[in-house]
Amino acid sequence: AGKVAVVGMNYKDEADNARRFLGALGNPYSAVGVDRSGRAAIEWGVYGVPETFLIAPDGRILEKHVGPLDAATAGKLLARAMAGK
């Protein structure tokens with residue numbers, strides 16, 4: 001309890017471009033998936049990037065945030081998710 005894994009999704013980008021981007025700016029992710037066709041984004045209801053989903057251990061989507069994520073917004077998302085768990 002109390003641990004959060006941050007997972008990224010490479011959306012419609014070439015793997016080499018994503019590696020260069022993360023290499024230059026830092027990689028905060030514990031894992032990075034690939035959505036080359038954009039199909040996963042459609043299934044999740046993504047309509048613009050960036051979007052952030054807070055997922056419960058059982059797989060339920062607890063929160064969704066559209067737009068850039070900063071420390072203050074991340075804290076609010078986590079607090080709302082914890083209050084509603």
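Author: Start with the word pocket. On a 1 Å grid over the protein atoms alone, a pocket is an open set of points where a 1.4 Å probe fits, with protein on both sides within 12 Å along at least five of seven lines; lining residues have an atom within 4 Å of a point. Here the largest pocket is lined by 44 residues, of which Val6, Val7, Gly8, Thr52 and Phe53 lie nearest its centre. This is a predicted model, so to read it, note that local features need pLDDT of at least 70, side-chain atom pairs count only at pLDDT 80 or more, and totals for chains, interfaces and linings use all residues. Residues are numbered from 1 along each chain as its sequence is written, and side-chain values use heavy atoms, with hydrogens and water left out.

Reader: What is the volume of the largest pocket?

Author: A volume is the space filled by probe spheres set on the grid points, which are joined across faces, edges and corners. For the largest pocket that comes to about 1,700 Å³.

Reader: Which classes of residue make up its lining?

Author: Ala, Val, Leu, Ile, Met, Phe, Trp, Tyr, Cys and Pro count as nonpolar; Asp, Glu, Lys and Arg as charged; the others, Gly among them, as polar. The lining has 33 nonpolar, 6 polar and 5 charged residues.

Reader: How many helices and strands does the protein have?

Author: Both are DSSP runs, numbered from the N terminus: helices are H or I with at least four residues, strands are E with at least two. The protein has 3 helices and 4 strands. Their order along the sequence is β-α-β-α-β-β-α.

Reader: How do strands E3 and E4 run?

Author: Two strands pair if DSSP finds at least two bridges between them. E3 (residues 51–55) and E4 (residues 61–66) run antiparallel, joined by 5 bridges. Glu51 faces Val66 of E4 across the pair. The hairpin has 5 residues between the strands, and Gly59 there takes a positive phi near 95°.

Reader: Is Glu51 buried or exposed?

Author: Buried means under 20% relative accessible area, exposed over 50%, and partly exposed in between, with a 1.4 Å probe and protein chains only. Glu51 has 15% relative accessibility, so it counts as buried. Asp16, at 46%, is partly exposed. Across the protein, 19% of the 85 residues are buried.

Reader: Which residues does Glu51 touch?

Author: Contact means heavy atoms within 4.5 Å. Setting aside neighbours within four places in sequence, Glu51 is in contact with Gly45, Val46, Lys64, His65 and Val66.

Reader: What lies by the polar atoms of the Glu51 side chain?

Author: First, the term polar contact. It is a pair of N or O atoms within 3.5 Å; within protein, one must be able to donate a hydrogen and the other to accept it, and residues adjacent in sequence count only if both atoms are side-chain atoms. The backbone nitrogen of Tyr47 is 3.0 Å from a polar atom of the Glu51 side chain. For the backbone nitrogen of Gly48, the distance is 3.2 Å. Elsewhere, in helix H1, the side chain of Asp16 makes a polar contact of 2.7 Å with that of Arg19.

Reader: What should I look for in the backbone?

Author: Most residues other than glycine have a negative phi, and most peptide bonds are trans. Lys12 has a positive phi, near 55°. Lys12 sits in the loop between E1 and H1. A cis peptide bond joins Val49 and Pro50, with omega about 0°. Pro50 belongs to the loop between H2 and E3.
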